[in-house]
Amino acid sequence: MLKGLRLCSSGNLSLYGIKSLQYKSTRIFCQVPCKSSCQGRLFSNKNMVVELDSNTGVAVIQMKKPPVNSLSLEFLTEFAINMEKLEMDRECRGVVLTSGASPAGGCLMALACDYRIMADNPKYAIGLNETKLGIVAPFWFKDTMINVIGRRATEHSLQLGLMYSTSEALKIGLVDQLVAQDKIMTNALSVMSEWLAIPDHARQITKSMMRKPTIDRLLTNRESDIQNFVNFISKDSIQKSLQLYLEMLKQRKS
């Protein structure tokens, strides 16, 4: 499916989200919330609204957990369930994901999509900023980013925890298009139609060929990755670093 993509946290939910987003139908990611003009089946839950246009086979998932669509366990559970419903629906050929903020997990979700569209607005940014929190992006964050922007740009980005402006993100290939905010959905649906014009079997096999090594490595090392993260995040020094970062954010808001 087409659009953007994000990912964070460990465990089955995030693994399902990454696997489904990277493997199957076309996904397009839009960084800002946008209204869909689709006419079709609608279902919603606490954190997101899903609308499937039966005529085009395109579904739109609009996240609605203000202020930043934080990827909590509850949120990821709903996301995984909604994605599974769409994967099992024969009418669905592509998914447009809409999101607001795109640091860390939000950025990863976008990276896992086939195409990324960002609103051309100086207030928006995107990136994997884990090191600024005193933590380390796991290997599957790194692998996914390398697949999109290359090794050197990824090394630079991850070590410095960079958040990219719209123009910077476009320059390094982190996003594919910058579009006026009021044109986001129209543009996303237009791009989706181009991808869906390709025979499904050829596009999906090619996509799997490109992404399978990354997915296989993630699944093979899932348990050790979870344990490494738990051990790391539980250290007193890391907890202190996270607390300092949260206090800095509170000061900015005030």
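The structure is a predicted model, in which local features need pLDDT of at least 70, side-chain atom pairs count only at pLDDT 80 or more, and totals for chains, interfaces and linings use all residues. Residues are numbered from 1 along each chain as its sequence is written, and side-chain values use heavy atoms, with hydrogens and water left out.

The protein chain averages a pLDDT (the predictor's confidence in each residue, from 0 to 100) of 83. A score of at least 70 is reached by 84% of the residues. Helices (H or I, at least four residues) and strands (E, at least two) are DSSP runs, numbered from the N terminus. Among these elements, helix α5 (residues 151-160) has the highest mean pLDDT, 97. Strand β1 (residues 2-3) has the lowest, 34. Over residues 1-19, pLDDT stays under 50. Where pLDDT is low, the predicted coordinates should not be read in detail.

Three strands form an open sheet of mixed pairing, in the order β7-β9-β10. Strands β7 (102-103) and β10 (164-165) are at the edges, each with a single partner strand, so one side of each has no neighbour in the sheet. Two strands pair if DSSP finds at least two bridges between them. Strand β9 (residues 125-127) and β10 pair in the antiparallel sense over two bridges. Here Ile-126 stands opposite Tyr-164 in β10.

Strand β8 pairs with strand β11 (residues 177-179) in the parallel sense over three bridges. Met-118 stands opposite Leu-178 in β11. Five of the five residues of β8 are buried, so the strand is largely enclosed by the rest of the structure. Buried means under 20% relative accessible area, exposed over 50%, and partly exposed in between (1.4 Å probe, protein chains only). Tyr-115, Ile-117 and Ala-119 point one way from β8, while Arg-116 and Met-118 point the other way.

The structure holds two aromatic pairs. Rings of Phe, Tyr and Trp (its six-membered ring) pair if their centres lie within 6.5 Å; planes under 30 degrees apart count as stacked, over 60 as edge-to-face and the rest as tilted. Tyr-115 and Trp-195 have ring centres 6.3 Å apart and planes at 70 degrees, so this pair is edge-to-face. The pair links distant parts of the chain, with Tyr-115 in β8 (residues 115-119) and Trp-195 in helix α7 (residues 184-196), 80 residues apart. Tyr-115 counts as buried at 15% relative accessibility. Trp-195 is partly exposed at 28%. The rings of Trp-140 and Phe-141 have centres 4.9 Å apart and planes at 65 degrees, so they are also edge-to-face. Both of these residues, Trp-140 and Phe-141, are buried.

A nonpolar core is a set of buried Ala, Val, Leu, Ile, Met, Phe, Trp, Tyr and Cys residues joined through side-chain atoms within 4.5 Å. The largest has 53 residues. Those that touch the most other members include Ile-117, Ile-126 and Leu-174. Helix α7 gives the most to this core, with six residues. A second, separate core of six residues includes Leu-133, Ile-233, Ile-238 and Tyr-245.

Val-136 lies in the loop between β9 and α4 (139-149). At 55% relative accessibility, Val-136 counts as exposed. Beyond its neighbours within four places in sequence, Val-136 is in contact with Glu-130 and Phe-232. Val-136 and Ile-233 are 97 residues apart in sequence and 9.5 Å apart in space, C-alpha to C-alpha.

Note on methods:
Contact means heavy atoms within 4.5 Å.
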